[in-house]
Amino acid sequence: PWKLILHVESGEEEAYHLGTDPRELESRPADVPPDLRQLVFQELESAQRRELTEEEEATVAKRLSDLGYL
């Protein structure tokens, strides 16, 4: 029932227990079960990472702009 958000650049975490806080109003990172945090970090460590090309960056920026995020 948890939603864990990691801000990769800052390392800041947000965590919401969706069963009791479905509107995500109160972040409770200290309350996240340790096994869940460990699983999330294991997934992040095993994820393939690569830099985007300038063309890919432009495509992503265009899509985000079209969706109203930029």
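Author: We begin with exposure: a residue is buried under 20% relative accessible area, exposed over 50%, and partly exposed in between, computed with a 1.4 Å probe and with protein chains only. The model is a predicted one, in which local features need pLDDT of at least 70 and side-chain atom pairs count only at pLDDT 80 or more, whereas totals for chains, interfaces and linings use all residues. Residues are numbered from 1 along each chain as its sequence is written, and side-chain values use heavy atoms, with hydrogens and water left out.

Reader: Is Glu 24 buried, partly exposed or exposed?

Author: Glu 24 is partly exposed, because its relative accessible area is 30%. Its backbone also deserves attention: phi of Glu 24 is near 55°, a positive value in a residue other than glycine.

Reader: Where is Glu 24 found?

Author: Helices (H or I, at least four residues) and strands (E, at least two) are DSSP runs, numbered from the N terminus. Glu 24 is found in the loop between strand 2 and helix 1. Asp 21 also has its place in the loop between strand 2 (13-17) and helix 1 (34-46). Ala 30 is found in the loop between strand 2 and helix 1 as well, and Ala 30 counts as exposed because its relative accessibility is 75%.

Reader: Which backbone atom does the side chain of Asp 21 reach?

Author: A polar contact is a pair of N or O atoms within 3.5 Å; within protein, one must be able to donate a hydrogen and the other to accept it, and residues adjacent in sequence count only if both atoms are side-chain atoms. The side chain of Asp 21 reaches the backbone nitrogen of Leu 25 at 2.9 Å.

Reader: Which residues are in contact with Asp 21, leaving aside its neighbours within four places in sequence?

Author: Contact means heavy atoms within 4.5 Å. With those neighbours left aside, Asp 21 is in contact with Tyr 16 and Glu 26. A second case is His 17, which is found in strand 2 and is buried because its relative accessible area is 18%. Not counting residues up to four places away in sequence, His 17 touches Pro 1, Trp 2, Pro 22 and Arg 28.

Reader: How many salt bridges does a search of the whole structure find?

Author: The search finds 5 salt bridges. In one of them, Glu 13 is paired with Arg 37, and the closest N and O atoms are 2.8 Å apart. Glu 13 lies in strand 2 and Arg 37 in helix 1, so the pair ties together parts that are 24 residues apart in sequence. Arg 37 counts as partly exposed because its relative accessibility is 22%.

Reader: With which residue does Asp 31 meet in a salt bridge?

Author: The side chains of Asp 31 and Arg 28 meet in a salt bridge at 2.9 Å, N to O. Asp 31 counts as partly exposed because its relative accessibility is 43%, and Arg 28 counts as partly exposed because its value is 23%.

Reader: How does one compare separation along the chain with separation in space, for instance for Val 8 and Asp 21?

Author: One sets the two values side by side. Val 8 and Asp 21 are 13 residues apart in sequence and 24 Å apart in space, C-alpha to C-alpha. For Ala 30 and Pro 1, the values are 29 residues in sequence and 15 Å in space, again C-alpha to C-alpha. The C-alpha atoms of Arg 63 and Pro 34, 29 residues apart along the chain, are separated by 36 Å.

Methods:
Salt bridge = Lys/Arg side-chain N within 4 Å of Asp/Glu carboxyl O.
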